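Here is a short report on one protein model. Look at the sequence and the structure first, then read on.

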Amino acid sequence: PRLFHAPQVFNLQDICWETCLENAKLGPKLDGKSETCITNCVDRFIDSTLHVTNRLSQMLPNEAAEER
């Protein structure tokens, strides 16, 4: 659901901003190092979210079967 993802996006924004741009010189464009950091941060976050989502979806059918 969208409500679940909205807080995740804001969390991602905070984490990647603090990690990649805390000490960067801010201007009209990101420097190459900061841009690469942001890209890698977002990619890792997406990969982690997909892994957790897939794992939870695997666990749910098992739990439903055990409750019967």
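## A contact at threonine 19

The side chain of threonine 19 reaches the backbone oxygen of isoleucine 15, at 2.8 Å. This is a polar contact, meaning a pair of N or O atoms within 3.5 Å; within protein, one must be able to donate a hydrogen and the other to accept it, and residues adjacent in sequence count only if both atoms are side-chain atoms. Threonine 19 sits in helix 1.

## About the model

This is a predicted model: local features need pLDDT of at least 70, side-chain atom pairs count only at pLDDT 80 or more, and totals for chains, interfaces and linings use all residues. Residues are numbered from 1 along each chain as its sequence is written, and side-chain values use heavy atoms, with hydrogens and water left out.

## The overall picture

The protein chain has two helices and zero strands. Helices (H or I, at least four residues) and strands (E, at least two) are DSSP runs, numbered from the N terminus.

The chain has 68 residues, and 10% of them are buried. Buried means under 20% relative accessible area, exposed means over 50%, and partly exposed lies in between (1.4 Å probe, protein chains only). The chain exposes about 6100 Å². Carbon and sulfur atoms supply 58% of that area. Accessible areas come from the Shrake-Rupley method with a 1.4 Å probe; for residues, only the protein chains shown count as cover.

## Two disulfides

How many disulfides does the structure hold? There are two. A disulfide is a covalent bond between the sulfur atoms of two cysteines. Here the cut-off is a pair of cysteine sulfur atoms within 2.5 Å. With bonded cysteines counted along the chain, the pattern is 1-4, 2-3.

Cysteine 16 lies in helix 1 (residues 2-21) and cysteine 41 in helix 2 (residues 32-67), so the pair ties together parts that are 25 residues apart in sequence. The torsion about this S-S bond is about -90°, so the disulfide is left-handed. Cysteine 16 is buried at 3% relative accessible area. Cysteine 41 is buried too, at 7%.

## The other pair

Cysteine 20 is joined to cysteine 37, S to S 2.1 Å. Cysteine 20 is in helix 1 and cysteine 37 in helix 2, so this pair links distant parts of the chain, 17 residues apart. Why is the disulfide of cysteine 20 and cysteine 37 called left-handed? Because the torsion about its S-S bond is about -70°. Cysteine 20 is buried, at 8%, whereas cysteine 37 is partly exposed, at 23%.

## The nonpolar core

Which residues make up the largest nonpolar core? There are six: Leu12, Cys16, Cys20, Leu21, Cys41 and Phe45. Helix 1 gives the most, with four residues. Helix 1 and helix 2 each supply at least two. A nonpolar core is a set of buried Ala, Val, Leu, Ile, Met, Phe, Trp, Tyr and Cys residues joined through side-chain atoms within 4.5 Å.

Cysteine 16 touches Leu21, Ile38, Cys41 and Val42, not counting residues up to four places away in sequence. Contact means heavy atoms within 4.5 Å.

## The loop

Leucine 30 is in the loop between helix 1 and helix 2. Is leucine 30 buried or partly exposed? Leucine 30 is partly exposed, at 40% relative accessibility. Leaving aside neighbours within four places in sequence, leucine 30 is in contact with Leu21 and Glu35.
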